[in-house]
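Have the sequence and the 3D view ready.

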Amino acid sequence: MSKDPYLKRLESLFSTVEPVEPEPANGKAAPPAAELNGLRARVAELEASLTRAQRAAEERDLSAADTLRARIAELEASLAEAHSERERSADRQMQAQQRAESLSAQVAELESKLGMAQAQVAVSGSLQAEAQSRVEFLQSRVSQLEIALAQSHSGEAAPSDTELIKFKLGIERSSDAIFITDADGNIIFANPAFEKVYGFTREEAIGRTPRIIKSGVIPPEGYKQFWSTLLSKGTVAGEIVNKTKDGRLVTIEGSNNPILDDAGNIIGFLAIHRDISERKAAERRTRLQASALDAAANAIVITNRSGAIEWVNPAFTKNTGYTLEEAVGNNPRLLKSGAHDQGYYQNLWETVLAGKVWRGEVVNRRKDGTMYPEEMTITPVADESGQISHFIAVKQDISERKRAEAAVREREEDLAILLEFSPEAVGVVNTRTGLFESVNAAAEWLFGMPRDELVKVGPTQMSPDFQPDGRRSAEKMAEKIREALSGGTPVFEWAHRNTVGRIIPCEVRLVGLTGARSHLVRFSVTDITQRKQTEAALSKRAVELEAIARVSAAASSILDTDVLLQTVVDLTKSSFNLYHAHIYLLNDTGDMLELVSGAGATGRVMVAEGRHIPFNAEHSLVARAAQTRQAVVANNIQQERGFLPHPLLPNTRSELAIPMVVGDLLLGVFDVQADVIDRFTEDDIRLKITLAEQVAVALQNARLYAEQAATVERLRELDQLKSSFLANMSHKLRTPLNSILGFTQVLLEGIDGDINEWMENDLIIVQKNGQHLLNLISDILDMAKIEAGKMTLNPEIFDLKDVLDEVIDIASPLARVKSLDLLLDTGDDATMDINADRMRLRQVMINIVNNAIKFTDSGCVSIRAERLNAHIRISVRDTGIGIGIDASHIETIFQEFSQVDSSTTRKVGGTGLGLPISRHLIELHGGRLWAESTGVPGEGSTFIIELPVETTFNENM
């Protein structure tokens with residue numbers, strides 16, 4: 001990794017001073033006295049520079065500080081890994097101890113030299129403004145989600161916020177990873193579950209983009225669609241594959257949502273991720289087991305009990321150069337390098353032959369002769385009888401790690417420099433004495449005490465007796481130090497006290513050191529005063545936004561206006577911790593604002609009093625809000641001219657009245673009151689205006705819904721009246737028409753005397769058209785009965801064949817006129833008994849057969865009846881013009897007054913009621929009627945009826 005330019009500047013500064021080497025362990029001569037005297041003079045010069053650097057501490061280059069902090073974290077991680085590796089053998093521990101003692105001697109000399117570097121930091125004044133701006137920006141981003149915890153941590157939450165605090169705590173305690181980014185995609189919050197899922201701590205994640213968890217397996221088109229949806233203010237939900245800090249792919253189920261401000265602009269994004277890797281792994285475990293060994297990154301070797309290699313995976317070939325064919329049958333001795341004595345291998349075999357797992361490091365030789373270090377685990381495998389049959393060795397080339405250890409040792413000196421110039425207060429606490437052992441310059445500035453005085457005290461002496469959470473400082477600090485000594489890295493908030501008694505809220509991070517320094521704990525302290533102030537301001541806004549969401553959700557789900565308004569005022573009062581809330585609505589004449597709802601028992605009493613305010617009232621805040629259609633606020637109501645307190649609201653001190661407007665329509669005024677002066681800020685006013693607008697829309701929707709419901713009910717009544725009218729009129733028309741037809745028949749039969757040929761032709765026309773009119777009236781009467789739910793059936797058991805024979809007899813004359821064949825096929829059954837209304841079924845069949853004949857010019861019309869278990873199917877097929885292949889077109893013929901050919905030049909007549917009536921009659925029998933057609937002329941159409949043999953009749957439609 002290339003060094004930072006700032007670090008290079010420090011190195012150039014120290015290049016003028018030769019380091020003092022520690023006294024050799026073999027007791028040889030120390031450096032010359034002249035060199036030591038020169039260094040002492042240089043130390044004095046650097047101490048003077050340190051004094052100047054302390055006065056400019058607040059002006060230091062924060063950009064370089066950011067680089068130093070990141071550098072410290074990197075080196076700390078590298079050191080931790082290196083220490084862990086070195087402690088695995090006694091030889092390496094001894095070397096590490098010797099190196100640590102040597103470095104300690106060098107650190108003692110370098111501490112005096114760092115003051116000069118500190119003065120050099122102050123020189124870069126041209127970068128200060130930009131660096132400070134960047135730091136403040138990042139701090140504000142970091143704090144945006146942490147505000148939700150402020151109430152729960154401070155213990156100062158009001159009782160009305162209990163549920164909200166539980167919700168916030170739920171985010172922190174959620175097993176789902178939850179994180180928030182700003183509009184640029186930088187992470188500004190991550191909950192503890194984020195670290196559990198992805199391995200990144202909150203500190204590691206904040207300030208970076210979600211690309212740190214990008215797996216690389218999702219095609220670019222997927223991410224393009226993902227961002228397109230989010231930037232369109234949509235929600236993206238589903239499954240995705242991400243990557244953890246350690247490179248592990250995890251399958252995630254979750255959702256990503258944009259966060260909008262009051263203007264609807266995107267100000268960030270919220271993501272909720274659930275790790276479903278285990279579930280997915282269970283689904284694919286079976287198919288992956290066969291290929292797992294081949295795909296393993298580590299070399300895997302399987303030998304029999306005698307040590308003969310039976311199988312190796314591709315990683316073995318990659319590491320050693322030996323192919324599977326070259327390795328099988330050989331002994332792992334082909335990798336033997338000669339770096340270990342026979343006792344080493346004897347211990348290995350004694351361990352695995354005893355059924356135990358052997359772990360260790362081995363130096364092996366590749367096929368090309370090169371040597372490489374390897375970390376190996378050998379596991380014995382027993383057969384069914386419990387005897388060891390095979391050994392599985394998992395081998396990892398650790399050449400890179402060894403090289404990294406060497407690099408870490410070189411970085412230890414850099415770490416000491418970086419810690420000194422960190423913008424955070426950094427130092428070491430001796431847990432045996434409880435005192436600071438060393439501190440950097442930032443610690444001196446934070447605590448307001450010089451370094452030589454700080455090392456005489458400890459963290460508890462620089463703290464108040466009790467922390468904000470109520471715990472004793474000494475007790476809590478001891479607990480956190482124990483956690484750090486046990487391998488944890490506790491990060492927690494802490495209240496420090498400087499020498500002038502000012503309490504400073506801080507964030508503290510502890511890391512236990514290892515090896516010979518395991519009694520020491522490194523601390524880093526960040527002043528979070530600005531963060532706390534930001535949290536307090538944003539926490540209040542978050543609570544109010546959540547309250548608006550609750551009130552809006554309730555308002556949008558209620559359609560009863562009285563319940564809606566009462567719910568809104570009650571929720572507003574409780575959610576915003578207000579003294580009172582009520583709503584005035586403008587009356588129909590527009591000259592009076594009438595109180596229609598008030599919060600709690602007090603509000604209900606005021607509504608019962610019939611309280612109202614003239615629209616033109618001069619001194620009323622409510623009237624002024626209605627007149628100006630703008631929010632009116634009085635943060636000290638007692639100073640308002642003409643103010644008269646209501647007896648039921650004696651403690652009103654602040655009042656805010658907001659007009660409720662939809663479009664250009666004024667509905668009323670939403671009035672809220674508080675019992676403290678200066679309660680309503682500009683933010684409060686904006687939030688309450690938003691709430692009033694949403695309530696106004698909900699109220700208007702509820703009113704429109706009520707109007708529409710009344711309209712629908714009226715239309716239903718009119719439809720019922722129409723059906724009843726048609727039924728009555730059809731009956732009244734049919735009675736005189738039957739008389740006309742009857743007397744026409746009398747005249748035609750000559751009962752009243754002879755008639756001439758011209759009279760007979762006229763009477764026949766009258767009779768024919770009268771019969772057509774009678775059929776039309778009968779159809780209308782049947783349709784009206786069906787729509788009115790008054791159609792009844794008279795079921796009986798009869799032979800369907802008899803009815804079909806009657807239909808053939810009735811339709812035959814019409815078929816003969818058109819030279820059509822009329823065919824009937826009832827199968828081999830002797831009888832086809834059915835329980836149905838004989839007359840209505842015959843009516844349906846006559847209607848369908850007559851329709852088939854009307855629309856067929858040549859060919860035939862065939863009727864087929866067959867029994868299908870508990871049903872009878874009747875098919876009427878013709879060779880006419882057909883209907884059409886579109887299903888929607890076919891269904892149209894079953895609608896009232898609809899016909900296949902609706903043009904004015906159609907060849908056949910009809911009312912368009914026959915088929916709709918027929919379908920209703922069949923459905924009353926519990927059956928079905930439908931049509932099928934290819935739409936090709938000459939292929940005709942088929943009408944199909946399915947009826948149950950035994951039916952429980954519903955007498956009314």
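## Charges over rings

Start with arginine 928, which lies over the face of tryptophan 930, at 4.2 Å from the ring centre. There's another case of this kind to look up: the charged end of arginine 919 sits over the ring of phenylalanine 894, 3.8 Å from the ring's centre. Bear in mind that you're looking at a predicted model.

## Rings that pair up

Now for rings meeting rings. The count comes to 11 aromatic pairs. One of them is formed by phenylalanine 226 and tryptophan 227, an edge-to-face pair with 5.4 Å centre to centre and 85° between the planes. Phenylalanine 226 has a relative accessible area of 17%, so this residue is buried, the cut-off being under 20%. Tryptophan 227, at 35%, is partly exposed.

Tyrosine 344 and tryptophan 358 make an edge-to-face pair too, with 6.1 Å between centres and 85° between the planes. Where do tyrosine 344 and tryptophan 358 lie? Tyrosine 344 belongs to helix H14 (residues 342–353) and tryptophan 358 to strand S8 (residues 358–365), so their pairing ties together parts that are 14 residues apart in sequence.

## A cluster

Rings can also be grouped into a cluster here: Phe179, Phe194 and Tyr198 form one aromatic cluster.

Key: Residues numbered from 1 in each chain as written. Predicted model: local features only at pLDDT ≥ 70, side-chain atom pairs only at ≥ 80, totals over all residues. Heavy atoms only, no water. Phe/Tyr/Trp six-rings, centres within 6.5 Å; stacked < 30°, edge-to-face > 60°. Buried < 20%, exposed > 50% of the residue type's maximum accessible area, 1.4 Å probe, protein only. Helix = DSSP H or I, 4+ residues; strand = E, 2+ residues; numbered from the N terminus. Lys NZ or Arg CZ within 6 Å of the ring centre and 35° of its normal.
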